[in-house]
Amino acid sequence: IITVLLLGTLISVTIRDGLFERRIAQLDAEYARSAAVARDTLASSPATSTTDVQALLISLVVERLGSGANIARGSLLASAADGAPVGINDIATFNEMADIVTPQLRVATLTSDYQVWQSVTIPAAHAESGHDEPGVVFGSVVDVPTYGRFGLYLLYSLQPEQDTLSFVQNALAVGAIVILASIGLITWLVTRQAVTPIVRASAVAARLADGHLEERMTRKGHDELATLARSFNEMAASLQDQISRMEALAAAQRLFVSDVSHELRTPLTTVRMAAEMIYDARDDMDPTTKRSAELLHDQVDRFEELLADLLEISRFDAGAAALDTESRNLTGLAQWVIEGQTPLADNKGVSLILDAPDEPVLANIDSRRIERVVRNLVSNAIEHAEGQPVHVIVGQNDQCVSLVVRDHGVGMTPEQASRVFDRFWRADPSRVRTTGGTGLGLSISLEDARLHNGLLEAWGKLGFGASFRLTLPKHAGGSVENPPLPLVPAATPSPQGDA
C-alpha cells in the first residue's frame, strides 16, 4: 500500500509539474504576442488628448486583447502600483480584475523590463466552470502616449490543465485500487497455499504430541510442502515404531519384575526359615560364625523388603493397585508412626516433634498406604537429620489435609529435590544406608499419594535440611490446589546467615 501510494504521488506530482510548466511556457509566449500587439497599437496611435487616449485604451483592452486563439479571461491596464489615477482611468474587463492583480505583482511589473507572472485564483463569477479556477496573471510595461509607463496585465485560466490532472489522478486512484485488490487476492491465494499446509502440519504435530501416533499429514504434489509432509510422516512413523517398541520393552520389563518377584517368594521363604534357624542358634557359635548369622538374618530381612517393594511397584505399573478407604484421623496416624520410629530416632540421637491441631484431622484414606508414606518420610528424615530434631506438622482446611515432615540435616539442591522420587535414585551414592532402605520407598510413597488423587512434594536447601509435604483431599475427588501447610519454611537462612 505504501509503495503504491508513493508511486501514485510521484506520478501525480510529475504530471502536475509537467502540465503546469508546459502551460506557463505557452502562456508566456501568448502574452508576449499580446503585449507586442499592444505596444505597436499604442506606438502607432496619433491620440494625444485625454479623451482620445482613454478611447484608445478601452479599444485596446476590450477589443484587441479580448480576442484571439488563447483568449484571456481578463485584462487590466493600470498606471501605477498603487492604482492612483494619473489623468486617465485604469481599464479592466471586469471590476474584480483590479483585485486579482496584487500590489506585489504591480510593483514587480513596473520595476522590471521583463514579463512577470503570478499564480492566482479566478473567482467563480468570472470562471467558465462556475466555480473557482486556478489561473495565472502575466504582466509587463507598455508606454501610453502622453501618460508614460503603464502595466499591462492579462489573466489566463489553468482549468483545462486542472481537469487533465484530475482525470489522471482519478485514473491513478482507480489503477491503485485495482493493483491493491490484485495484490491482496494474489497474497491471499499464495498465503493459503503456503500457510494452510503448515497449519495442518501444526495440528497433526499437536495431535502427535497428545499421543495420537497414527496421525499423518496429507501429501499433495511434488513441491517443498509435499517433501515436508513426506519427511514428517516418516518421522511420525519412526517415532510410533520406537515408542511401540519402548512400550513393549517396558511392559516386558514390568512383567519380568513381577514374575521374578513372585518366583522369588518361594525360595526366599525357604531361605528365611533356614536363616531363622541359624540365627536362633547363634549363641552356640564362635564369634565369626555368629556375626555371619546376624548378617544373613539382616540381609534376608532387607531382601524381603526389597521384594515386597518390587511387587508393590509392579502393581502400580500394571494399574492393579486399589484403595481401601476409611475415615481416619491423620494426627493419630502420625502419632502411631512416630511411636514406631522412636527407637530408630533415639539410636540416631534425633528427637521427633509432632505439631498438630487439637481437633481431629479427618480424611477418607487407605490407612495402610498413608501409614507407609508417613513412615517412609519420617525414617528418611531421621536418616538425614544428623542429630537435629525432626518436625512432623499436621494441618487441614475445608478441602484437604496436609502432613509436612521437616528435618534440619544435610538438605538437598533443587535438582536433587526434583529427582528424589525416582526409583533407586540416591543423592549421594557413596553414603552408606544405615536404615536398610531399598531405594523404592519414596517412589512408592509418590504412587500412594497419586492413588489418593493427592500430592507429595519435596524441598531442600544444602546445609538447612529438607521438607516433604503430603497433601490429600478430605473426600474422594476433592481438590488439593490450596494445601493448608507451606512446603518451604517461612524463613530459611542462607549459608551466609541471611534470613
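Trainee: Which residue in E9 is the bridge partner of leucine 354?

Mentor: Bearing in mind that this is a predicted model, the bridge partner of leucine 354 in E9 is valine 392. Strand E9 covers residues 390-396 and is joined to E7 by four bridges, with the two strands running parallel.

Trainee: And what packs on the sheet around there?

Mentor: Helix H8, residues 330-348, packs on the sheet and touches E7, E9 and strand E10 (400-407), while its direction makes about 170° with that of E7. Helix H9, residues 367-384, also packs on the sheet, where it touches E7, E9, E10, E11 and strand E12 (466-473), and its direction makes about 20° with that of E10.

Trainee: In what order do the strands of the sheet come?

Mentor: The sheet is open and has five strands in the order E7-E9-E10-E12-E11, with mixed pairing. At the edges are strand E7 (352-355) and strand E11 (455-460), each of which pairs on one side only. On average, and with direction ignored, neighbouring strands of this sheet are turned by 15° against each other.

Trainee: Switching to the surface, which residues form the nonpolar patch?

Mentor: That patch is formed by Leu7, Leu10 and Ile11, which together have about 270 Å² of accessible area. Leucine 10 lies in helix H1, residues 2-44.

Trainee: Why does leucine 10 count as exposed?

Mentor: Leucine 10 counts as exposed because its relative accessible area is 53%, and the cut-off for exposed is over 50%.

Methods: Residues are numbered from 1 along each chain as its sequence is written. This is a predicted model: local features need pLDDT of at least 70, side-chain atom pairs count only at pLDDT 80 or more; totals for chains, interfaces and linings use all residues. Side-chain values use heavy atoms; hydrogens and water are left out. Two strands pair if DSSP finds at least two bridges between them. Axes are lines fitted to C-alpha atoms, for helices over the stretch in contact, and angles run from 0 to 180 degrees between N-to-C directions. Contact means heavy atoms within 4.5 Å. Patches are made of residues with over 30% relative accessible area and no salt bridge: like charges are joined within 9 Å, nonpolar side chains (Val, Leu, Ile, Met, Phe, Trp, Tyr) within 5 Å. Accessible areas come from the Shrake-Rupley method with a 1.4 Å probe; for residues, only the protein chains shown count as cover. A salt bridge is a side-chain nitrogen of Lys or Arg within 4 Å of a carboxyl oxygen of Asp or Glu. Buried means under 20% relative accessible area, exposed over 50%, partly exposed in between (1.4 Å probe, protein chains only).
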